[in-house]
Amino acid sequence: MAENIIMPKLGMAMVEGTVIAWKKREGEAVKKGEGIVDISSEKIEMEVEAAADGVLLKIEVPEGGVVPYGTVLGVIGQPGELAGTASVAASAKATAESVAALAASDEQRTKAGAPAATTATAVLDRPRDGIKISPVARKMAEEAGIDYTKLTGTGPQGRITKEDVERFIKAGGEKETNAAAQVAGVQTSVAPVAGSSDHAAAAVNTTEKQPERILVSGMRKVIAERMYQSLQQSAQLTITMQADITELLQLKEKLSPEMERRYQLKLSVTDLIARAVVLSLLRHKQMNSAYVEDRIELYEEVHLGIAVALEKGLVVPVIRQAEQQTLAELSSQLKSVSARARQNQLAPEEMKGSTFTITNLGSYGVDTFTPVLNPPEAGILGVGAAKDTPVFVGDELQRRSILPLSLTFDHRVLDGAPAAAFLATVRSYLEEPHSLLV
């Protein structure tokens, strides 16, 4: 009896999921428990396993397809068995509606004078081989005339990413001749009649490269919607301050050997900043709060969010009850959630419920920036790159390490003065680092 492959629901908030890559083609044998298709929800990527032995009778939702959870993605059965079911028909309907929406969008753009989009094609493209490659990477490779089957993927489970293709091109990888593109180029160059400026302009337009269009779905779609809502539905203001972390770095050097010996942990500046933020939130409860439906909720516990950049976007794993953890425990938690976030191993429950967030762009050399609130939180701290700077200490000019801090807060919850007081407390903990150990 045929078994349907269903788009699972990953978390209570999941509405729809995206088919990233099929690992089998129609007609290929599969075994129960074998990974058959990679899918992603708003924040998580996972592998769906085959529920039975057999062959992949039919792929209902191709790579790039975005469908509601519960939709039939494909069917497993015995060779020759019919794949059609009522639920499959529903799945096909959902896919058709998705494509129809894209086609309508293209029609609107065409009426507005813009070239027709290629998103519908992207949705309907079927895998031509067993290579794991993202739709964007495949499109880039094909347009560049690159045989992507020769590339080595650095994504999850060896998946070829956009960055892999870009790296290959920059390295001067062999470029195959795209005969079709050359023929098209010849045709467009000779078709216009000379003597008309309109014709000349048309000739230029037809030879221009069309922009790459990427269907916004999954994690990128959620980030886009939430960041837009965040800026639309809150009163955000950012203030900045600098902290002298010279003594903090010295303390880190002293503590690091003991941390490694006792806990097998490599102490980082981020660990100490997180500790400073947690202690400061306990002293400034207005900042550990949220604006929810015309009321302000103040939280006793600190559920600390840590922004982690992934290939496809940003996730914020949450360290719960961070105020109850020692520096070593906090350091351990930070490393655990960050590592699992980069491996797409976080559970949905680990990415919600934060009461304050830290985002750090210091490793990219960024000085100060404007973090966007992670709704409904009232505050987010941005951390820049520490730099050695000449500073007067009394009458003496010294070399000090200066760390830029950017605090974005919701002006509906608190005013500038209490927000500045919170940031000053964070700075005092960083500049008097022994207080972090009490």
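This passage covers model confidence and local backbone features.

The structure is a predicted model, in which local features need pLDDT of at least 70 and side-chain atom pairs count only at pLDDT 80 or more, while totals for chains, interfaces and linings use all residues. Residues are numbered from 1 along each chain as its sequence is written, and side-chain values use heavy atoms, with hydrogens and water left out.

The average pLDDT (the predictor's confidence in each residue, from 0 to 100) is 80 for the protein. A score of at least 70 is reached by 78% of the residues. Over residues 98–128, pLDDT stays under 50. The model has 43 contacts (heavy atoms within 4.5 Å) beyond four places in sequence for residues 98–128. Residues 174–196 also have pLDDT under 50, with 15 contacts beyond four places in sequence. Where pLDDT is low, predicted coordinates should not be read in detail.

Secondary structure follows DSSP runs, numbered from the N terminus: helices are H or I of at least four residues, and strands are E of at least two. Gln264 lies in the loop between helix H8 (246–263) and helix H9 (269–283). Its phi is positive, near 55°, and the residue is not a glycine. Gln264 is exposed (over 50% relative accessible area; buried is under 20%, partly exposed in between; 1.4 Å probe, protein chains only), at 61%.

Asp294 sits in the loop between strand S10 (289–292) and strand S11 (295–298). Asp294, not a glycine, has a positive phi of about 65°. Asp294 is exposed, with a relative accessible area of 70%.

A cis peptide bond joins Pro375 to Pro376, with omega near 0°. Pro376 is in the loop between strand S16 (356–360) and strand S17 (379–383).
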